[in-house]
Each structure stands twice: as C-alpha cells, then as structure tokens.
Amino acid sequence: QVQLVESGGGLVQAGGSLRLSCVGSGRIFNINAMRWYRQAPGKQRELVATISSGGNTNYADSVRGRFTISRDNARNTMYLQMNDLKFEDTGVYYCNAAIRLTGSARYSDYWGQGTQVTVSS
C-alpha cells in the first residue's frame, strides 16, 4: 500500500558529501514526522535526524552541524544532506515516516529498505 524508497548512498572519502533521498508512494493521505536512522555493522540502529510536518528539526549530537534534514511535502520526499562525512558515519541509512493512508483515520509507522553509506578514511 505504501512504499518508502531511499537513494543516494554510496562510497565517499572522509570530508566528502552525500545527499540521501526518501520518496513515499502509494495510498498516502498525509505524512507526519519523518526520520533518518542509521545502523553501523555490529551496532544498534540509531536515530540521526527528525523533521516534523511543519519543518521543525532535531539532530543527534554526532551529526549536528554537518547534516541537514529537509522535506518536500508536495512530493512526499525527505532529504538528508550529509557534509564533512566521517568514517563513523558509515552504515545503512533508513528512512522512517508516520503515514496516514487514504481512507484511514490513524497514522502508522513505515520504513524504507535502507541505503548503504560507506566513508573511507
């Protein structure tokens, strides 16, 4: 019914930049908060950044000042601009969104399949 698809990952040298995208499709009536998570090998998934439907943002301390989360509500799309990448930013990045489907009265959590970000030192 709903898909979230991430793109934009890849291999980059330390100090470089990447821009991730997450596009929602399907029977979407409205999207509330959207989030980027990441999971490094052998570690738990961690919250990287959050953006509300109104555009308020929050960041993990480890990425604040380097990453910027944004969204385009008309396109059901969220972005993560990642600058000054560090080796420890390596991991699979997942998008997450609270979505209300057409014909539904409630919001449910949806996840993308993830996109790999690898930062070489």
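**Salt bridges**

Tutor: A salt bridge here is a side-chain nitrogen of Lys or Arg within 4 Å of a carboxyl oxygen of Asp or Glu. The model is predicted, so local features need pLDDT of at least 70 and side-chain atom pairs count only at pLDDT 80 or more, while totals for chains, interfaces and linings use all residues. Residues are numbered from 1 along each chain as its sequence is written, and side-chain values use heavy atoms, with hydrogens and water left out.

Student: How many salt bridges does the structure hold?

Tutor: It holds six. Another joins the side chains of Asp89 and Arg66, at 2.8 Å from N to O. Asp89 lies in the loop between β8 (77-82) and β9 (91-101), and Arg66 in the loop between β6 (57-59) and β7 (67-72), so this pair ties together parts that are 23 residues apart in sequence. The strand labels come from DSSP runs numbered from the N terminus: helices are H or I with at least four residues, strands are E with at least two. Asp89 is buried, with a relative accessible area of 0%, and Arg66 also counts as buried, at 10%.

Student: Which residues are linked in a network of salt bridges?

Tutor: Arg38, Glu46, Arg66 and Asp89 are. A further salt bridge has Lys86 and Asp84 as its partners, at 3.7 Å from N to O. Lys86 is partly exposed, with 30% relative accessible area, and so is Asp84, with 38%.

**Strands and their partners**

Student: How do I read the two faces of a strand?

Tutor: In a regular strand, side chains alternate between the two faces of the sheet. In β11 (residues 115-120), the covered face holds Thr115, Val117 and Val119, and the uncovered face Gln116, Thr118 and Ser120.

Student: Which way do β7 and β8 run?

Tutor: Two strands pair if DSSP finds at least two bridges between them. Six bridges join β7 to β8, and the two run antiparallel. Ser70 has Tyr79 in β8 as its bridge partner. Four residues lie between the strands of this hairpin, and Asn76 takes a positive phi near 50° there.

Student: What joins β11 to other strands?

Tutor: Strand β2 (residues 10-13) runs parallel to β11, with four bridges; β9 runs antiparallel to β11, with three. Val117 in β11 is the bridge partner of Gly10 and also stands opposite Gly91.

**Core and pocket**

Student: Which residues have the most contacts inside the largest nonpolar core?

Tutor: A nonpolar core is a set of buried Ala, Val, Leu, Ile, Met, Phe, Trp, Tyr and Cys residues joined through side-chain atoms within 4.5 Å. The largest one has 30 residues, and Trp36, Leu80, Met82, Tyr93 and Ile99 have the most contacts inside it. Elements giving two or more residues to this core include β1 (2-7), β3 (18-26), β4 (28-39) and β5 (46-51). The most comes from β9, with five residues.

Student: What lines the largest pocket?

Tutor: Rolling a probe the size of a water molecule over the atoms shows where empty space is left. On a 1 Å grid over the protein atoms alone, a pocket is an open set of points where a 1.4 Å probe fits, with protein on both sides within 12 Å along at least five of seven lines; lining residues have an atom within 4 Å of a point. The lining here is Arg38, Gln39, Ala40, Pro41, Lys43, Gln44, Glu46, Phe87, Glu88 and Thr90. The pocket has a volume of about 200 Å³, a volume being the space filled by probe spheres set on the grid points, which are joined across faces, edges and corners.

Technical notes: Buried means under 20% relative accessible area, exposed over 50%, partly exposed in between (1.4 Å probe, protein chains only).
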